[in-house]
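Visitor: Could you walk me through this structure, starting with the aromatic rings and then moving on to the helices?

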Amino acid sequence: MSATRGVFYVHSAPSALCPHIEWAVGGVLGVPVNPDWTPQPAQSGTYRAEFSWTGKVGAAAEMASALRGWNHLRFEVTEEPTSSTEGARFSYTPDLGVFHAVMGLHGDIMIPEDRLKASVVRAALGEVTLENEIDKLLGKPWDDELETFRHAGEGAPVRWLHQVV
């Protein structure tokens, strides 16, 4: 069994869901999960948490599957690549559902050729614009909705990421 690690972010959840999230994620990882919950200032009455995890390859997909469809929950889970697997990112909002992206070694989203070709065909047929299709392939609608929730509230941990261009 190959092991990997990642980060699980709960961007907003009502207090009643917090223990259920811990139970579901702990069931996937096989260990109890007890994150520090802090109030989410972007949505009154909700809480946020983040924690690093270690587990089997595919655990991020299992976590996303266990939590998808839960109303009033917004989350993201990442999984780092291993020597034999790509990484992954899952984002979830009640309005948009689950977004999944395969992540390369350096954090780039890798879009499968068939999905890109299908987007080009839909755009050529006039069903959609190519710009909107590419935005969906890159997860922009999910990023747009989650951005407000990503900003750390007062007293919440802040993780600074530096863009390398």
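Guide: A definition comes first: rings of Phe, Tyr and Trp (for Trp, its six-membered ring) pair if their centres lie within 6.5 Å, and planes under 30 degrees apart count as stacked, over 60 as edge-to-face and the rest as tilted. This is a predicted model, in which local features need pLDDT of at least 70 and side-chain atom pairs count only at pLDDT 80 or more, while totals for chains, interfaces and linings use all residues. Residues are numbered from 1 along each chain as its sequence is written, and side-chain values use heavy atoms, with hydrogens and water left out.

Visitor: OK, how many aromatic pairs does the structure hold?

Guide: There are four aromatic pairs in the structure.

Visitor: How are the rings of Phe-8 and Phe-75 arranged?

Guide: Their centres are 5.7 Å apart and their planes lie at 20°, so the pair is stacked. Phe-8 belongs to strand β1 (residues 3-14) and Phe-75 to strand β4 (residues 74-79), so the pair ties together parts that are 67 residues apart in sequence; strands here are DSSP runs of E, at least two residues long, and helices are runs of H or I of at least four, numbered from the N terminus.

Visitor: Are those two buried or exposed?

Guide: Both Phe-8 and Phe-75 are buried, where buried means under 20% relative accessible area, exposed over 50% and partly exposed in between, with a 1.4 Å probe and protein chains only.

Visitor: And what about Phe-99 and Trp-142?

Guide: Phe-99 and Trp-142 form a tilted aromatic pair, with 5.2 Å from centre to centre and 35° between the planes. Since Phe-99 lies in strand β6 (residues 97-103) and Trp-142 in helix α5 (residues 140-150), the pair ties together parts that are 43 residues apart in sequence. Phe-99 is buried at a relative accessible area of 3%, and Trp-142 is buried at 11%.

Visitor: Which residues make up the aromatic cluster?

Guide: One aromatic cluster is formed by Phe-8, Phe-51, Phe-75 and Tyr-92.

Visitor: Switching to helices, how do α4 and α5 meet?

Guide: The axes of α4 and α5 come within 5 Å and cross at roughly 65°, the axes being lines fitted to C-alpha atoms over the stretch in contact, with angles running from 0 to 180 degrees between N-to-C directions. The two helices, α4 and α5, are therefore roughly perpendicular to each other; angles of 65 to 115 degrees carry that label, those under 35 count as roughly parallel, over 145 as roughly antiparallel and the rest as oblique.

Visitor: Who makes that contact?

Guide: With contact meaning heavy atoms within 4.5 Å, α4 contributes Asp-135, Lys-136 and Leu-138, and α5 contributes Lys-140, Pro-141, Trp-142 and Asp-143.

Visitor: What about α3 and α4?

Guide: Helix α3 (residues 113-124) and helix α4 (residues 130-138) pack at an angle of about 155°, with their axes 9 Å apart, and α3 and α4 are therefore roughly antiparallel to each other. From α3 the contact uses Arg-115, Leu-116, Ser-119, Val-120, Arg-122 and Ala-123, and from α4 it uses Leu-130, Glu-133 and Leu-137.

Visitor: Where does Glu-127 lie?

Guide: Glu-127 lies in the loop between α3 and α4, and at 53% relative accessibility Glu-127 counts as exposed.

Visitor: Last one: what is the phi of His-72?

Guide: His-72 has a positive phi of about 70° although it is not a glycine. Most residues other than glycine have a negative phi. His-72 lies in the loop between α2 (59-67) and β4, and it is exposed, with a relative accessible area of 54%.
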